[in-house]
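Trainee: I would like a close look at a single part of this model. Please take me through it step by step.

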Amino acid sequence: MKKITWIVASMLTIGMLTFSSCSEKTKNSADETAEAAKNDAKENLDEAKSDMKDAGDDFKSKFNEEKESMKTDIDGAISKIDNKIEEADAKMDKATAKEKDKWKERKMELQKEKEDLKESLNKMQAETDEKWDNFKSETRTKMDKIKADLKD
């Protein structure tokens, strides 16, 4: 009986050691998998950095294009106001005293609008991308009001 117990215990011990120990092949496979995962993570990180840089460059480019477009629009509006001021001056020369007062008032309104746009133009140069959307909206509102005023 002792012999059978000893044989069974030996077989169980050998079986446990056989099944619980890692083979060299399994260990190498695990190392390769870990190395591949490390390389994939590095590649993904590099790709993400590149994508973020590209997105930043695209944003900066769009921001600069919008600023340049806004500058062009403001310059155009100022030029139109200058033309209207010249028209007001020409009409004042030919107007009666009562009409001159009307044209002087109109000229002052136009000069005020022109100064507002120049102020916006100066502010625009210092605007950062964080405040850009708010600035752009305010300036577009001013310009829409001025365009409507110039049509009158």
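Which residues in helix 3 are buried?

Mentor: Keep in mind that this is a predicted model. The protein has four helices and zero strands, and from the N terminus on its elements run α-α-α-α. Helix 3 covers residues 97-126 and has the highest mean pLDDT among the elements, 86. Helix 1, residues 2-20, has the lowest, 64. Where pLDDT is low, the predicted coordinates should not be read in detail. Across the protein the average pLDDT is 78, and 78% of the residues score at least 70.

Now the length of helix 3. Its 30 residues, at 1.5 Å a residue, should span 44 Å, and the C-alpha atoms at its ends are 44 Å apart, so the two values agree.

As for your question, the buried residues in helix 3 are Arg 106, Leu 110, Glu 113, Lys 114, Leu 117, Ser 120, Leu 121 and Met 124. To read that list, recall one rule: an α-helix has 3.6 residues a turn, so residues three or four places apart point the same way. For the protein as a whole, buried residues make up 18% of the 152 residues. The protein exposes about 12100 Å², and carbon and sulfur atoms supply 56% of that area.

One side-chain detail also belongs to this part of the chain. Lys 102 lies over the face of Trp 103, at 5.4 Å from the ring centre. Aromatic pairs, by contrast, number zero.

Finally, consider contacts with a separation of 6 or more in the protein: residues 24 or more positions apart account for 77% of them.

Conventions: Residues are numbered from 1 along each chain as its sequence is written. This is a predicted model: local features need pLDDT of at least 70, side-chain atom pairs count only at pLDDT 80 or more; totals for chains, interfaces and linings use all residues. Side-chain values use heavy atoms; hydrogens and water are left out. Rings of Phe, Tyr and Trp (its six-membered ring) pair if their centres lie within 6.5 Å; planes under 30 degrees apart count as stacked, over 60 as edge-to-face and the rest as tilted. A charge sits over a ring if NZ of Lys or CZ of Arg is within 6 Å of the ring centre and within 35 degrees of the ring normal. Helices (H or I, at least four residues) and strands (E, at least two) are DSSP runs, numbered from the N terminus. Buried means under 20% relative accessible area, exposed over 50%, partly exposed in between (1.4 Å probe, protein chains only). Contact means heavy atoms within 4.5 Å. Accessible areas come from the Shrake-Rupley method with a 1.4 Å probe; for residues, only the protein chains shown count as cover. pLDDT is the predictor's confidence in each residue, from 0 to 100. The expected span of a helix is 1.5 Å times one less than its number of residues.
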